[in-house]
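Hello,

Here is the structure I promised to pass on. My notes follow below it, for you to read alongside the model.

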Amino acid sequence: MEPRLTSVSPLRNRKSLVRRLSARPWLLAATLGPLFASCGVETRMEPYKQTDAVISKGEQLVVLARKQHSNHEAEEGFVQCISEALARGDGRLEVHATKEFEDSMYPWFEPSTAPLSTDDLSRLLERPEVMQQVRKTGVRYVVWLDGSTDRVASGGGITCAAGIGGAGCMGLAWWEDDARYDATVWDIKQVESAGTIHADVKGRSVMPAIIIPLPFIARPQAAACRGLTQQLKQFLTSPHGYGAGPEPGIG
Amino acid sequence: MPLSSRFRSARLWSALVTGVVLAACSSSVIVESKFPSPLVEALPVKMGILIPEELYNYIYTEEIRDESLWTIALGDANVAMFKPLFGKMFEETRNVDAVPLTNNQYSLDGVLKPTIEKFEFDIPINEKNKFVEVWIQYQLTLFEPDGSMVVAWSVSGYGKHELGHSKEDAVQRAAVTAMREVGAAIATKFAQQPQIKNWLAEKQHGATADVGVATAQSEVTR
C-alpha cells in the first residue's frame with residue numbers, strides 16, 4: 001500500500017504539539033526546564049582596595065566615564081544608574097552630578113584632556129585655578145567607570161506564520177550579554193588611587209515561542225549597576241579589611 | 001472623469017507621495033548646547049574676534065547612500081562655544097568686523113578668526129558598531145592688527161555617542177562632544193603653538209618695553 005500523503009498546515013501541527021505538551025505537564029517541564037535553567041545572570045565582583053581612605057561627612061564623589069577608547073565607552077545610562085543608586089538607599093553618599101562636574105572643570109575632564117593616571121592628576125592639581133575649583137565642588141573621590149555591555153553570543157530563531165485560522169510563532173532564540181566594568185576610585189585629597197572594583201556580569205536570555213513568544217530576559221547591565229553600587233558603598237565607608245586583593249606572591 | 005483631470009490628479013498624488021517619502025528620508029539636526037567657560041589663566045593680550053558670516057550660518061549637508069539626506073546646522077553652537085571660550089582665554093576681547101583694523105581704537109594686539117575646515121560624521125549601519133561619530137576641524141587664523149597673518153592653526157575634535165532611539169539625537173550629542181574637544185584643545189594648546197608662543201612673547205616684550213619707555217620718559221620730565 002502506498003503511503004498516503006496528507007497536507008496539514010504547520011500552524012495546526014504546532015497547535016497539536018501545544019495541546020500534547022499541556023496534556024502532559026511533565027513533558028512541558030522537561031521541555032522548558034533546561035531553557036529556564038540556562039537563562040539567568042552570573043555575577044563576578046573583584047574588589048581591591050589599597051588604602052584605608054573613607055568618605056567623610058560633607059565630602060562628595062563624582063562618577064565619570066572613561067572616554068578614551070575608540071571602540072567602547074561606559075554607557076551614559078550606566079553612569080547615571082551608578083550615580084543615582086549611590087545617592088539613595090541605605091548608606092547613601094553625597095554624589096556630585098557628572099555633567100555639572102565636567103562643566104565646572106572644563107576643559108580638564110574632556111576625553112582628550114582627562115588625567116589617565118594619578119601622576120597626571122597630580123600635575124593637573126598643580127594648577128591653582130583647577131585646585132581651587134576642585135575644592136569648590138567639594139568632590140574628594142572620582143569614580144572612573146570603564147567598560148561596556150556587549151552581546152557576546154546569540155543563536156536560534158523564531159518563525160511566525162499567519163493564516164485564516166489564526167497566527168502563531170514557533171522556535172527558540174537565545175542571546176548572551178556580557179557587562180564588564182571597572183570602577184577605579186581616585187582620592188583627590190591624597191592624590192592617589194584608592195583601588196578598583198571589577199565587575200563581570202554575564203546574562204543569558206532565552207525566548208521560546210510556542211504560539212506566542214515568551215521572553216525570559218536577563219539584564220546583566222542592571223545587575224552590574226546594583227552590584228557595583230553596593231561594592232562602592234562598602235568601599236568608600238569601610239576603612240579596613242575590604243577586598244584586600246590577592247597576597248603578593250600567591251598565584 | 002476626463003483623462004486630463006485623471007492625469008492631473010495622478011500627478012498630484014505622485015508629488016504628494018514623493019514629498020512624504022523625501023520628508024521621511026531626510027534628517028535635520030540643529031546642534032545646540034551651552035558650552036562652559038574654560039578654567040584657564042587668561043593670556044595677557046587684547047584680542048579682536050572676527051566671527052565670519054559662514055560660521056554663524058554653518059550648515060552641513062550630506063546624502064548618505066541607502067539612508068537619507070542629513071542637514072546639520074552648527075551656527076548657533078559655534079557662537080555658543082567661541083564666546084565663553086575666547087572671553088576667558090584672553091585678558092580682553094572685542095568683536096571686530098574685518099581685518100586689517102582701520103583704526104585700532106581698543107589697542108588690540110591681534111585678531112583671531114575661526115572657520116570650519118572640515119566636518120565628517122558616521123552613523124553605524126550594523127549592530128556591531130553602536131556609536132555615532134563626529135569629527136570637526138576648525139582653523140584659527142591669527143592676524144596682526146594691520147592684517148598680516150601670524151599663523152593659521154588647524155585644530156580638530158572628535159566626539160562619539162551611543163546610538164539610542166534617535167539617530168538625530170546621537171548626532172547632536174556627538175557633535176557637541178566634538179566641539180567641546182575643539183574648545184578644550186584651543187584652551188589648552190593655543191599658547192603652546194610655536195608661532196603663537198613667539199607672538200605672545202613679542203607682545204609681552206613690547207608691552208614691557210613700552211612700560212620701560214613710559215617710565216623713562218616720566219623720569220626725564222620730572
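Two residues count as in contact if their C-beta atoms, placed from the backbone, lie within 7 Å. Helices (H or I, at least four residues) and strands (E, at least two) are DSSP runs, numbered from the N terminus. Axes are lines fitted to C-alpha atoms, for helices over the stretch in contact, with angles from 0 to 180 degrees between N-to-C directions.

This is a predicted model: local features need pLDDT of at least 70 and side-chain atom pairs count only at pLDDT 80 or more, while totals for chains, interfaces and linings use all residues. Residues are numbered from 1 along each chain as its sequence is written, and chains are lettered from A and ligands numbered from 1 in the order in which they are written.

Chain B first. Three of its strands form an open, mixed sheet in the order 1-4-3, where two strands pair if DSSP finds at least two bridges between them. Strand 1 (26–30) and strand 3 (59–63) of chain B are the edges, each pairing on one side only. Strand 3 pairs with strand 4 (residues 69–73) of chain B in the antiparallel sense over five bridges; B:Glu62, for instance, has B:Trp70 as its bridge partner. Helix 4 (residues 167–189) of chain B lies across strands 1 and 4 of chain B, at about 35° to strand 1.

Now for confidence in chain A. The pLDDT (the predictor's confidence in each residue, from 0 to 100) averages 85 in chain A, and 80% of the residues score at least 70. Over residues 1–11 of chain A, pLDDT stays under 50.

Best wishes
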